[in-house]
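Subject: Structure handover

Hello,

I am passing on the structure we discussed, followed by notes on what was found in it. Please look at it before reading on.

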Amino acid sequence: MTISLAQLRRCSVAVDIGASRTRIYLKNQGLIVDEPTVAAVNVRTGALLAVGTDAAVMDGRTPEYIRVVRPVANGTVVDIDMAQRLLRQLVGNKLRRTWRRRPTMRAAICQPFGSEPLAQRAAVETLSGLGARRVELVDTLVAAAVGCGLPVEQPEATMIVVCGAGTTQIAVLSLGSIVAAETVAVGGNAIDHAVVQHLRQHHAVHLASRAVRPLHLMLSGTGGLAAGPAEVHGRDVVSGTTRCVQVDTDRVRHAIATPLTAILDGIGSVLRRCPPDLVADLGERGIMLAGGSALIPGLESMIREATTVPVHIADRPDTCAVQGLGAMIEGKVEPMYLDPMAP
Ligand SMILES: Nc1ncnc2c1ncn2[C@@H]1O[C@H](COP(=O)(O)OP(=O)(O)OP(=O)(O)O)[C@@H](O)[C@H]1O
(Lines give C-alpha, C1' and ligand atoms only; values in the text may rest on other atoms or scores of the structure.)
Protein backbone atom coordinates (compact mmCIF):
# COMPACT_ATOMS: atom_id res chain seq x y z
CA MET A 1 0.00 0.00 0.00
CA THR A 2 1.62 3.26 -1.04
CA ILE A 3 0.42 6.47 0.51
CA SER A 4 0.34 9.76 -1.31
CA LEU A 5 0.08 12.54 1.25
CA ALA A 6 -1.18 14.84 -1.51
CA GLN A 7 -4.08 12.46 -2.26
CA LEU A 8 -4.84 12.04 1.45
CA ARG A 9 -5.10 15.81 1.91
CA ARG A 10 -8.01 15.77 -0.52
CA CYS A 11 -9.97 13.37 1.72
CA SER A 12 -12.67 14.71 4.04
CA VAL A 13 -13.15 11.69 6.26
CA ALA A 14 -10.85 9.11 7.89
CA VAL A 15 -12.27 5.74 8.94
CA ASP A 16 -10.86 2.93 11.10
CA ILE A 17 -13.36 0.10 11.15
CA GLY A 18 -11.94 -2.57 13.46
CA ALA A 19 -13.15 -5.91 14.77
CA SER A 20 -13.93 -4.29 18.09
CA ARG A 21 -14.56 -0.58 17.48
CA THR A 22 -15.32 1.83 14.66
CA ARG A 23 -13.78 5.29 14.63
CA ILE A 24 -14.55 8.10 12.24
CA TYR A 25 -12.63 11.35 11.96
CA LEU A 26 -14.08 14.26 10.05
CA LYS A 27 -11.79 16.92 8.60
CA ASN A 28 -11.87 20.18 10.61
CA GLN A 29 -14.05 18.51 13.26
CA GLY A 30 -12.00 15.65 14.72
CA LEU A 31 -13.20 12.30 16.02
CA ILE A 32 -16.97 12.14 15.61
CA VAL A 33 -17.57 8.40 16.17
CA ASP A 34 -15.90 5.91 18.53
CA GLU A 35 -18.34 3.04 19.04
CA PRO A 36 -18.30 -0.76 19.10
CA THR A 37 -18.51 -2.36 15.62
CA VAL A 38 -21.71 -4.14 16.61
CA ALA A 39 -25.25 -4.17 15.25
CA ALA A 40 -28.42 -5.79 16.59
CA VAL A 41 -30.79 -7.13 13.92
CA ASN A 42 -34.31 -8.50 14.02
CA VAL A 43 -33.84 -11.77 12.11
CA ARG A 44 -37.57 -12.03 11.31
CA THR A 45 -37.88 -8.67 9.59
CA GLY A 46 -34.23 -7.84 8.85
CA ALA A 47 -34.66 -4.48 10.62
CA LEU A 48 -31.69 -2.86 12.31
CA LEU A 49 -32.60 -2.46 15.99
CA ALA A 50 -29.46 -0.87 17.44
CA VAL A 51 -25.83 -0.13 16.60
CA GLY A 52 -22.67 0.64 18.53
CA THR A 53 -22.85 0.78 22.34
CA ASP A 54 -26.63 0.17 22.35
CA ALA A 55 -26.15 -3.06 20.38
CA ALA A 56 -23.09 -4.14 22.40
CA VAL A 57 -25.05 -4.08 25.69
CA MET A 58 -27.57 -6.48 24.11
CA ASP A 59 -24.83 -9.04 23.36
CA GLY A 60 -25.52 -12.32 25.17
CA ARG A 61 -28.92 -11.06 26.41
CA THR A 62 -31.13 -11.30 23.35
CA PRO A 63 -34.24 -13.38 22.66
CA GLU A 64 -34.14 -15.77 19.71
CA TYR A 65 -35.39 -13.27 17.12
CA ILE A 66 -32.65 -10.71 17.78
CA ARG A 67 -29.11 -11.39 16.61
CA VAL A 68 -26.10 -9.31 17.57
CA VAL A 69 -23.70 -9.24 14.62
CA ARG A 70 -20.14 -8.01 14.03
CA PRO A 71 -19.55 -7.18 10.35
CA VAL A 72 -15.76 -6.94 10.76
CA ALA A 73 -13.42 -9.80 11.66
CA ASN A 74 -9.64 -9.51 11.99
CA GLY A 75 -9.73 -6.01 10.54
CA THR A 76 -11.56 -7.18 7.39
CA VAL A 77 -15.14 -6.24 6.46
CA VAL A 78 -16.85 -9.62 6.15
CA ASP A 79 -20.40 -8.33 5.70
CA ILE A 80 -20.34 -5.25 3.45
CA ASP A 81 -24.07 -4.59 3.57
CA MET A 82 -24.20 -4.72 7.37
CA ALA A 83 -21.04 -2.60 7.67
CA GLN A 84 -22.66 0.06 5.48
CA ARG A 85 -25.87 0.05 7.52
CA LEU A 86 -23.84 0.28 10.72
CA LEU A 87 -21.72 3.20 9.47
CA ARG A 88 -24.74 5.00 8.08
CA GLN A 89 -26.47 4.75 11.45
CA LEU A 90 -23.37 5.71 13.44
CA VAL A 91 -22.57 8.85 11.49
CA GLY A 92 -26.21 9.88 11.42
CA ASN A 93 -27.14 13.11 9.74
CA LYS A 94 -23.84 14.79 10.55
CA LEU A 95 -21.80 13.10 7.87
CA ARG A 96 -24.67 12.45 5.50
CA ARG A 97 -25.22 16.20 5.15
CA THR A 98 -21.49 16.77 4.49
CA TRP A 99 -21.47 14.00 1.90
CA ARG A 100 -24.50 15.43 0.15
CA ARG A 101 -22.91 18.87 0.00
CA ARG A 102 -19.76 17.43 -1.58
CA PRO A 103 -20.59 14.95 -4.32
CA THR A 104 -16.87 14.39 -4.99
CA MET A 105 -16.23 13.33 -1.41
CA ARG A 106 -13.08 11.28 -0.78
CA ALA A 107 -12.44 9.03 2.17
CA ALA A 108 -9.38 7.32 3.70
CA ILE A 109 -9.55 4.02 5.55
CA CYS A 110 -7.04 2.06 7.68
CA GLN A 111 -6.15 -1.40 6.41
CA PRO A 112 -4.27 -4.09 8.34
CA PHE A 113 -0.74 -4.79 7.14
CA GLY A 114 -0.63 -7.41 4.36
CA SER A 115 -4.40 -7.43 3.82
CA GLU A 116 -5.59 -9.46 0.84
CA PRO A 117 -6.83 -7.66 -2.32
CA LEU A 118 -10.32 -9.02 -1.58
CA ALA A 119 -10.26 -7.45 1.90
CA GLN A 120 -9.08 -4.15 0.42
CA ARG A 121 -11.89 -4.28 -2.09
CA ALA A 122 -14.43 -4.91 0.66
CA ALA A 123 -13.20 -1.79 2.48
CA VAL A 124 -13.42 0.31 -0.70
CA GLU A 125 -16.89 -1.04 -1.52
CA THR A 126 -18.15 -0.32 1.99
CA LEU A 127 -17.25 3.37 1.74
CA SER A 128 -18.18 3.71 -1.94
CA GLY A 129 -21.65 2.41 -1.08
CA LEU A 130 -21.94 5.30 1.38
CA GLY A 131 -21.17 7.85 -1.30
CA ALA A 132 -17.37 8.18 -1.33
CA ARG A 133 -16.17 8.81 -4.88
CA ARG A 134 -12.62 7.73 -4.11
CA VAL A 135 -11.22 5.69 -1.22
CA GLU A 136 -7.55 5.82 -0.14
CA LEU A 137 -6.20 2.78 1.71
CA VAL A 138 -3.59 3.44 4.39
CA ASP A 139 -1.65 0.87 6.44
CA THR A 140 -2.90 0.88 10.02
CA LEU A 141 0.73 0.65 11.14
CA VAL A 142 1.73 3.89 9.38
CA ALA A 143 -1.41 5.70 10.55
CA ALA A 144 -0.89 4.53 14.16
CA ALA A 145 2.79 5.54 14.09
CA VAL A 146 1.79 9.04 12.93
CA GLY A 147 -0.96 9.14 15.57
CA CYS A 148 1.56 8.27 18.30
CA GLY A 149 3.76 11.16 17.19
CA LEU A 150 6.59 8.96 15.92
CA PRO A 151 8.89 10.67 13.37
CA VAL A 152 8.02 8.19 10.60
CA GLU A 153 9.35 10.43 7.80
CA GLN A 154 12.88 10.57 9.27
CA PRO A 155 15.71 8.25 8.17
CA GLU A 156 15.75 6.46 11.52
CA ALA A 157 13.98 3.40 12.83
CA THR A 158 10.73 3.52 14.76
CA MET A 159 9.02 0.35 15.91
CA ILE A 160 5.31 0.13 16.51
CA VAL A 161 3.17 -2.72 17.82
CA VAL A 162 -0.57 -2.24 17.22
CA CYS A 163 -2.41 -4.68 19.44
CA GLY A 164 -6.08 -4.75 18.42
CA ALA A 165 -8.96 -7.08 19.19
CA GLY A 166 -8.35 -9.77 16.58
CA THR A 167 -4.76 -9.20 15.49
CA THR A 168 -1.46 -7.65 16.51
CA GLN A 169 0.48 -5.84 13.81
CA ILE A 170 4.19 -5.20 14.28
CA ALA A 171 6.45 -3.02 12.11
CA VAL A 172 9.74 -1.21 11.90
CA LEU A 173 9.34 2.01 9.89
CA SER A 174 11.86 4.36 8.36
CA LEU A 175 11.54 7.17 5.78
CA GLY A 176 7.76 6.96 5.84
CA SER A 177 7.62 3.30 4.83
CA ILE A 178 7.50 -0.13 6.39
CA VAL A 179 10.92 -1.83 6.45
CA ALA A 180 9.76 -5.10 8.02
CA ALA A 181 6.38 -6.06 9.41
CA GLU A 182 4.28 -8.97 10.54
CA THR A 183 0.70 -9.64 11.59
CA VAL A 184 0.05 -12.10 14.42
CA ALA A 185 -3.46 -13.54 14.81
CA VAL A 186 -3.53 -12.74 18.53
CA GLY A 187 -5.21 -9.71 20.07
CA GLY A 188 -7.48 -8.75 22.94
CA ASN A 189 -10.07 -11.39 22.00
CA ALA A 190 -7.53 -14.22 22.34
CA ILE A 191 -6.42 -12.86 25.72
CA ASP A 192 -10.04 -12.63 26.92
CA HIS A 193 -10.59 -16.18 25.70
CA ALA A 194 -7.56 -17.38 27.72
CA VAL A 195 -9.03 -15.74 30.87
CA VAL A 196 -12.45 -17.33 30.27
CA GLN A 197 -10.87 -20.76 29.67
CA HIS A 198 -8.76 -20.47 32.84
CA LEU A 199 -11.83 -19.78 34.99
CA ARG A 200 -13.73 -22.58 33.34
CA GLN A 201 -10.98 -25.13 33.93
CA HIS A 202 -9.82 -24.08 37.40
CA HIS A 203 -12.97 -22.68 38.99
CA ALA A 204 -15.73 -24.39 36.94
CA VAL A 205 -17.42 -21.06 36.24
CA HIS A 206 -18.33 -19.49 32.94
CA LEU A 207 -17.45 -15.79 32.95
CA ALA A 208 -19.77 -13.31 31.22
CA SER A 209 -17.92 -11.42 28.46
CA ARG A 210 -18.48 -8.07 30.19
CA ALA A 211 -16.81 -9.39 33.38
CA VAL A 212 -13.43 -9.88 31.67
CA ARG A 213 -12.51 -6.16 31.57
CA PRO A 214 -12.87 -5.60 35.38
CA LEU A 215 -10.61 -8.61 35.83
CA HIS A 216 -8.03 -6.98 33.52
CA LEU A 217 -8.17 -3.88 35.70
CA MET A 218 -7.59 -5.97 38.81
CA LEU A 219 -4.60 -7.65 37.16
CA SER A 220 -3.01 -4.30 36.39
CA GLY A 221 -4.02 -2.76 39.71
CA THR A 222 -5.61 0.21 37.88
CA GLY A 223 -9.05 1.75 37.92
CA GLY A 224 -8.93 1.95 41.72
CA LEU A 225 -8.90 -1.83 42.01
CA ALA A 226 -6.08 -3.42 43.97
CA ALA A 227 -4.08 -6.33 42.55
CA GLY A 228 -4.36 -9.56 44.57
CA PRO A 229 -7.07 -12.18 44.93
CA ALA A 230 -10.12 -11.03 43.02
CA GLU A 231 -13.79 -11.87 43.49
CA VAL A 232 -15.48 -12.84 40.25
CA HIS A 233 -19.11 -13.71 39.54
CA GLY A 234 -19.85 -16.33 36.94
CA ARG A 235 -22.23 -19.13 36.01
CA ASP A 236 -21.48 -22.53 37.49
CA VAL A 237 -20.77 -24.84 34.54
CA VAL A 238 -22.59 -27.76 36.20
CA SER A 239 -25.59 -26.28 38.04
CA GLY A 240 -26.04 -23.22 35.80
CA THR A 241 -26.55 -20.97 38.83
CA THR A 242 -24.54 -17.83 39.51
CA ARG A 243 -21.53 -18.32 41.78
CA CYS A 244 -18.82 -16.10 43.23
CA VAL A 245 -15.23 -17.38 43.19
CA GLN A 246 -11.92 -16.07 44.56
CA VAL A 247 -9.47 -15.85 41.67
CA ASP A 248 -5.70 -15.78 42.15
CA THR A 249 -4.64 -12.94 39.83
CA ASP A 250 -1.10 -14.38 39.52
CA ARG A 251 -2.54 -17.53 38.00
CA VAL A 252 -4.67 -15.52 35.56
CA ARG A 253 -1.56 -13.55 34.60
CA HIS A 254 0.14 -16.88 33.94
CA ALA A 255 -2.81 -18.04 31.81
CA ILE A 256 -2.63 -15.00 29.52
CA ALA A 257 1.15 -15.33 29.16
CA THR A 258 0.69 -18.06 26.51
CA PRO A 259 -1.12 -15.92 23.89
CA LEU A 260 1.16 -12.99 24.74
CA THR A 261 4.17 -15.15 23.80
CA ALA A 262 2.91 -15.23 20.19
CA ILE A 263 3.24 -11.42 20.13
CA LEU A 264 6.84 -11.71 21.41
CA ASP A 265 7.61 -14.22 18.64
CA GLY A 266 6.26 -11.75 16.05
CA ILE A 267 8.42 -8.92 17.45
CA GLY A 268 11.52 -11.17 17.37
CA SER A 269 10.80 -12.17 13.77
CA VAL A 270 10.46 -8.51 12.64
CA LEU A 271 13.68 -7.50 14.44
CA ARG A 272 15.62 -10.37 12.84
CA ARG A 273 14.59 -9.13 9.36
CA CYS A 274 15.74 -5.55 10.05
CA PRO A 275 19.12 -4.12 9.01
CA PRO A 276 21.46 -3.80 12.05
CA ASP A 277 21.60 0.03 11.80
CA LEU A 278 17.87 0.29 12.29
CA VAL A 279 17.89 -2.18 15.21
CA ALA A 280 20.58 0.01 16.84
CA ASP A 281 18.24 3.05 16.55
CA LEU A 282 15.54 1.11 18.39
CA GLY A 283 17.85 0.63 21.39
CA GLU A 284 17.48 4.37 22.08
CA ARG A 285 13.98 5.09 20.82
CA GLY A 286 12.37 1.88 22.00
CA ILE A 287 9.09 0.28 20.95
CA MET A 288 5.74 2.09 20.87
CA LEU A 289 2.67 0.08 21.89
CA ALA A 290 -0.67 1.13 20.38
CA GLY A 291 -4.16 -0.38 19.90
CA GLY A 292 -6.73 -0.95 22.64
CA SER A 293 -5.02 -4.14 23.82
CA ALA A 294 -1.77 -2.24 24.53
CA LEU A 295 -3.34 -1.76 27.98
CA ILE A 296 -3.44 -5.50 28.68
CA PRO A 297 -1.69 -5.99 32.01
CA GLY A 298 1.79 -7.43 31.69
CA LEU A 299 2.18 -6.87 27.93
CA GLU A 300 4.49 -3.86 28.23
CA SER A 301 6.79 -5.46 30.85
CA MET A 302 6.87 -8.75 28.95
CA ILE A 303 8.04 -7.03 25.74
CA ARG A 304 10.58 -4.94 27.69
CA GLU A 305 12.09 -8.02 29.35
CA ALA A 306 12.17 -10.05 26.11
CA THR A 307 13.70 -7.32 23.89
CA THR A 308 15.70 -5.34 26.51
CA VAL A 309 14.68 -2.08 24.81
CA PRO A 310 12.43 0.62 26.33
CA VAL A 311 8.70 0.13 25.70
CA HIS A 312 6.23 3.03 25.72
CA ILE A 313 2.43 2.94 25.62
CA ALA A 314 0.87 5.63 23.41
CA ASP A 315 -1.13 8.36 25.18
CA ARG A 316 -4.44 7.22 23.63
CA PRO A 317 -3.44 3.79 22.31
CA ASP A 318 -6.96 2.87 21.15
CA THR A 319 -7.55 5.87 18.88
CA CYS A 320 -4.05 6.63 17.58
CA ALA A 321 -4.58 4.96 14.16
CA VAL A 322 -7.62 7.11 13.30
CA GLN A 323 -6.00 10.21 14.84
CA GLY A 324 -2.91 9.58 12.68
CA LEU A 325 -5.05 9.19 9.58
CA GLY A 326 -6.90 12.34 10.63
CA ALA A 327 -3.59 14.24 10.89
CA MET A 328 -2.74 13.06 7.36
CA ILE A 329 -6.03 14.26 5.84
CA GLU A 330 -5.69 17.57 7.70
CA GLY A 331 -2.28 18.01 6.04
CA LYS A 332 -0.39 18.03 9.34
CA VAL A 333 2.16 15.46 8.17
CA GLU A 334 4.99 16.84 6.06
CA PRO A 335 6.86 14.55 3.68
CA MET A 336 10.65 14.63 3.92
CA TYR A 337 12.04 16.45 0.88
CA LEU A 338 15.65 15.74 0.04
CA ASP A 339 17.40 18.86 -1.19
CA PRO A 340 19.68 17.85 -4.10
CA MET A 341 21.67 21.10 -3.69
CA ALA A 342 22.44 20.45 -0.05
CA PRO A 343 26.19 20.11 0.71
N1 LIG B 1 -8.11 -1.08 29.39
C2 LIG B 1 -8.01 -2.18 28.67
N3 LIG B 1 -7.40 -3.28 29.16
C4 LIG B 1 -7.30 -4.39 28.42
N5 LIG B 1 -7.77 -4.52 27.17
C6 LIG B 1 -8.39 -3.48 26.64
C7 LIG B 1 -8.54 -2.25 27.33
N8 LIG B 1 -9.20 -1.38 26.52
C9 LIG B 1 -9.45 -2.04 25.38
N10 LIG B 1 -8.98 -3.29 25.44
C11 LIG B 1 -9.07 -4.32 24.41
O12 LIG B 1 -8.67 -3.73 23.18
C13 LIG B 1 -9.34 -4.38 22.11
C14 LIG B 1 -9.87 -3.33 21.17
O15 LIG B 1 -8.78 -2.62 20.67
P16 LIG B 1 -8.93 -1.75 19.33
O17 LIG B 1 -10.02 -0.79 19.52
O18 LIG B 1 -7.58 -1.25 18.98
O19 LIG B 1 -9.37 -2.93 18.34
P20 LIG B 1 -9.87 -2.85 16.84
O21 LIG B 1 -9.08 -1.80 16.11
O22 LIG B 1 -11.32 -2.75 16.79
O23 LIG B 1 -9.43 -4.33 16.41
P24 LIG B 1 -8.60 -4.88 15.15
O25 LIG B 1 -7.45 -3.90 14.96
O26 LIG B 1 -8.13 -6.24 15.58
O27 LIG B 1 -9.56 -4.88 14.02
C28 LIG B 1 -10.45 -5.22 22.71
O29 LIG B 1 -10.10 -6.59 22.60
C30 LIG B 1 -10.49 -4.77 24.16
O31 LIG B 1 -10.82 -5.85 25.01
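Around the ligand there are 19 residues, and those that come nearest are Gly-18, Ser-20, Gly-164, Gly-188 and Gly-292. A residue counts as near a molecule or strand if its C-beta atom, placed from the backbone, lies within 6 Å of it. The model is predicted: local features need pLDDT of at least 70 and side-chain atom pairs count only at pLDDT 80 or more, while totals for chains, interfaces and linings use all residues. Residues are numbered from 1 along each chain as its sequence is written.

By class, the shell around the ligand has four nonpolar, 13 polar and two charged residues. Here Ala, Val, Leu, Ile, Met, Phe, Trp, Tyr, Cys and Pro are nonpolar, Asp, Glu, Lys and Arg are charged, and the others, Gly among them, are polar.

The protein has two parts, domain 1 (5-144) and domain 2 (150-314), with bounds from an automatic or database domain assignment. Their centres, taken over C-alpha atoms, are 25 Å apart. Each domain gives at least three residues to the shell around the ligand.

Between the domains, 16 residues of domain 1 are in contact with 18 residues of domain 2 (contact: C-beta atoms, placed from the backbone, within 7 Å). On the domain 1 side, helix α5 (residues 140-147) supplies the largest share, four residues. That side consists of seven nonpolar, seven polar and two charged residues. Helices (H or I, at least four residues) and strands (E, at least two) are DSSP runs numbered from the N terminus.

The unreviewed UniProt entry places a "binding site" at Ala-165, Gly-166, Thr-167, Gly-292, Ser-293, Ala-294 and Leu-295. UniProt positions follow the numbering used here, feature names are shortened, and annotations may be inferred rather than shown by experiment.

Two of these positions are described here. Ala-165 is in the loop between β11 (158-163) and β12 (168-174), and it counts as buried because it has 25 C-beta neighbours inside 10 Å. Leaving out residues up to four places away in sequence, Ala-165 touches Gly-18, Ala-19, Ser-20, Gly-187, Gly-188, Asn-189, Gly-292 and Ser-293. Leu-295, in the loop between β17 (287-290) and α10 (299-307), has 18 such neighbours and so counts as partly exposed. The cut-offs, on C-beta atoms placed from the backbone, are 20 or more others within 10 Å for buried, 12 or fewer for exposed, and partly exposed in between.

Regards

Definitions and conventions: Two residues are in contact if their C-beta atoms, placed from the backbone, lie within 7 Å.
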